[in-house]
Amino acid sequence: MKAPTKIEHIGIAVKNLTEAISYYENILGLKCYAIEEVADQKVKTAFFMVGETKIELLEATSDDSPVAKFIAKKGEGLHHIAFAVNGLNNILSELESKGVQLIDKQPRKGAEDMNIAFLNPKSTFGVLTELCEK
Ligand code: ZN
């Protein structure tokens, strides 16, 4: 596939968004520039800019949210890495033809109005991988 252009963001699963935001702002000195609920994924997100890359904090809004399940299984922490790509539709077809397991066969809307798709960690050496396009 055409190589990703950058790490768009790093997703971190947290139990309590307010407490996590406080750490990122008051300890790390970053500024939360957006809080957004993504109903589709049953999460509330908070974004921080670190140079070219963002940190996306994720709090589950429901017990059946994928993030709630993640935390129940593995605890808080690194949840996914998101690469910025161009031509997401074509990339997904290409990856599928190469045998990569896709969680999303078609792009869907993520936070910040981006088109996103997740790849199954079984195909990515254990890292939940998000591809996103503006
Ligand atoms: Zn993400």
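Leu57 is a handy place to start: leaving out residues up to four places away in sequence, Leu57 touches Ile12, Val14, Leu17, Ala20, Ile21, Tyr24, Lys44, Thr45, Ala46 and Phe48, where contact means heavy atoms within 4.5 Å. The model is a predicted one, in which local features need pLDDT of at least 70 and side-chain atom pairs count only at pLDDT 80 or more, while totals for chains, interfaces and linings use all residues. Residues are numbered from 1 along each chain as its sequence is written, and side-chain values use heavy atoms, with hydrogens and water left out.

Leu57 also belongs to the largest nonpolar core, an 11-residue set that includes Ile12, Cys32 and Ile55. A nonpolar core here is a set of buried Ala, Val, Leu, Ile, Met, Phe, Trp, Tyr and Cys residues joined through side-chain atoms within 4.5 Å; buried means under 20% relative accessible area, exposed over 50%, and partly exposed in between (1.4 Å probe, protein chains only). Two or more residues of this core come from each of α1 (17-27), β3 and β4, with α1 giving the largest share, four residues. Helices (H or I, at least four residues) and strands (E, at least two) are DSSP runs, numbered from the N terminus.

Next comes the metal. The zinc ion has His9 (NE2), Glu56 (OE), His80 (NE2) and Glu130 (OE) as its protein donors, 2.1 to 2.3 Å away. Donors are N, O and S atoms within 2.8 Å of the metal (3.2 Å for Na, K and Ca), and since water is not among the atoms, sites may look incomplete. His9 sits in strand β1 (residues 6-13) and Glu56 in strand β4 (residues 53-60), so the pair ties together parts 47 residues apart in sequence. Both count as buried, His9 because its relative accessibility is 3% and Glu56 because its relative accessible area is 6%.

Strand β8 (residues 129-133) is mostly covered, with four of its five residues buried. Strand β5 (residues 77-84) pairs with β8 in the parallel sense over four bridges, and Phe83 has Leu131 of β8 as its bridge partner. Strand β7 (residues 115-119) runs antiparallel to β8, joined by five bridges, with Leu119 opposite Thr129. Two strands pair if DSSP finds at least two bridges between them.

Finally, a loop residue: Gln41 lies between β2 (32-38) and β3 (43-50), and counts as buried because its relative accessibility is 16%. Setting aside neighbours within four places in sequence, Gln41 is in contact with residues including Ser65, Arg108 and Phe118.
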